[in-house]
Amino acid sequence: MRTPEITAVRNLGILAHVDAGKTTVTERILYLTGAVHRRGEVHDGTTVTDFDPQERDRGITIFAAAVSCDWAGHRLHLIDTPGHVDFSDEVERSLRVLDGAVAVFDAVAGVEPQSETVWRQADRHGVPRLAFVNKMDRAGADLDAAVESIRTRLGAVPLPVQLPVGREDGFRGVVDLVRMRAYVWTDGADAYAERPVPDDLREEALRRRRRLEEAVAELHPGALEEYCAHGELSGETLRGALRHLTLGGEAVVVLCGSAYRDRGVEPLLDAVVAYLPAPSDVPPVRGGTPADPAAPFTALAFKVSATATGRMTYVRVYAGTVRKGDTVLDATGGRTERIGRVLRVRADRTTEVESARAGDIVALVGPKSVRAGATLCDPAAPVVLEPPVSADPVVSVAVEARRSTDTGRLTEALARLAEEDPSLVVRSDPETGQTVLSGLGELHLEVAVERLRRDRGLEVAAGRPQVAYRETVAKGVTGLLYRHVKQDGGAGQFAHVVIDVEPLEGGEEFAFRSTVTGGRVPQEYVRAVEAGCRDALLEGPLGGHPVTGVRVTLTDGATHPKDSSELAFRAAGRFALREALRASAMTLLEPVADVTVTVPAESVGAVLGDLAARRGRVTDRTDRGGTAVVEATVPLAELFGYASRLRGRTRGRGTFTTRPAGYAPAPGRTSGG
């Protein structure tokens, strides 16, 4: 197959809240582009991208899956990302290497909690987006309400470019407000029919086209000039302005359809090609070079997986070309690696290709030590790209092999898990000697432990989940003096520091400053004191938990002409802050989550009572027909096992979603002051 020009490449992700239909959208894209020859269904466990047995058993996307396909002369590299909050790190690593995204929304629910989370992640990475309002055939589907939720909850500027033809179960097509044509689908047909706008919708379509032109003219200077001169916008001007606004993140083009019923996906693909950026449209990644196939090779590894055929490293090529047999530099690890094969990926299936060049997303076989986040580059032109940032774990379980003979295999399997998923952390508890596995949520750890059982054939026992606490300063101390003096026969150590400790507002973890004057503490020793303070933050006085939300000010100090050193001042900073924290009023912080519970109206009383018993604070409640939606902030530790309790209280009809909401004071856990 001919390699497309870089301007004809689109790297995009599919983002959504769980159950918004994201994977079904991906499956229809693969079918319509000819990448597969039958439609996969989530409920049948036949989808291409949800290929892992756990994904098929649970009916959700767990692992980001990369696929490649072609549409209208363009190569699409597409990543189907998880919609569950416990796997948001997969989304984070995917967004780091994507140029654009399609955010999928439920036409009934609109913006949901995880929709908002992945949208904010895309905001941080500056990824241009299209919005696809899915499930337009459901009872209660409302495009206008979904668009308004995008405006109010996400703070975006939505620009709907379609008008639905038919409502709810009668939804059968859309009116394209840019071309002013109708696209109508019929059950059983593989293609839509293009028609003039139906007479009964023409007036509404003209009104919405006018509204679209006015909204675009307000945002785009060129469009405003034409609108003022002629009172309307040509289709060419409108399309160009929509692309410009999308690439700049100033607005979001909104389309609609029903992926399950094969309606609306072709126009979505056309919009991907028309409005989302090519690699050449995107500014060079920090530390990198422009997307030029002739430039020195530069790529970022964003995922590593072990398969039956070997270890695969998924990379986004930012510049240059890589071929089978090349030797590349792992600039992050400082070692060279040989490329055995270059693979074009379709979830768990691959096709070998001779090379990959700037703009491509491929898998490499051969590298043995590359980790997710590593930069691969030409050894003659070393460069390090900014890696994706993994979230800190909030839940832990103790794991052990049921058979002592499997202990070594478990250690090896856990190391491999942490290598494939950087948001998993493995450590040994110094007090109990237990092996502790930490992750982003209860389901995240359940999936990891099940992988040990299924993929590695290990019999594993897992303890009850424990949350990751933090400690913070409620009331600090001033003028704490610490003298570090050590004399053991040779060169001694001398450092004298005076520090103030106070709470740090605004969600920041740590801040350090020096107000020492007259050179009483040289600058290199000031930096050493800061490093020592950071060391001390690893274990707080309440329970050995990490300390956050602290400002330390170095106010005075003294040195010795012979015995002072950076080592001595680092030790002084560490011991001084430890002593200051013991003297301060400290508060234990526990992780909390924003919870959205959807239940039948008759069950809402029992659910509210249960949330109160879990120390939940209800923040909102809305009624939608016979359904109640309750929003609350609940300590994460109280949510273990909540799914089964909710099912019991609602006879299986209740559902809930969560998203991290930071930390809050745990009741009755303070000290000092």
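At its relative accessibility, does F575 count as buried, partly exposed or exposed?

Modeller: First, the ground rules. The model is predicted: local features need pLDDT of at least 70, side-chain atom pairs count only at pLDDT 80 or more, and totals for chains, interfaces and linings use all residues. Residues are numbered from 1 along each chain as its sequence is written, and side-chain values use heavy atoms, with hydrogens and water left out.

Now your residue. F575 counts as partly exposed, at 28% relative accessibility. Buried means under 20% relative accessible area, exposed means over 50%, and partly exposed lies in between (1.4 Å probe, protein chains only).

Next, the partner of F575. A search of the whole structure finds seven aromatic pairs. Rings of Phe, Tyr and Trp (its six-membered ring) pair if their centres lie within 6.5 Å; planes under 30 degrees apart are stacked, over 60 edge-to-face, and the rest tilted. Y482 and F575 make a tilted pair, with 6.1 Å centre to centre and 35° between the planes. Y482 sits in strand β28 (residues 477–486) and F575 in helix α13 (residues 566–583), so the pair ties together parts 93 residues apart in sequence. Helices (H or I, at least four residues) and strands (E, at least two) are DSSP runs, numbered from the N terminus. Y482 has 18% relative accessibility and counts as buried.

Helix α13 has another ring to look at. Y525 and F569 form a stacked pair, 4.7 Å centre to centre with 15° between the planes. Y525 lies in helix α12 (residues 523–536) and F569 in helix α13, so this pair links parts 44 residues apart in sequence. Both Y525 and F569 are buried.
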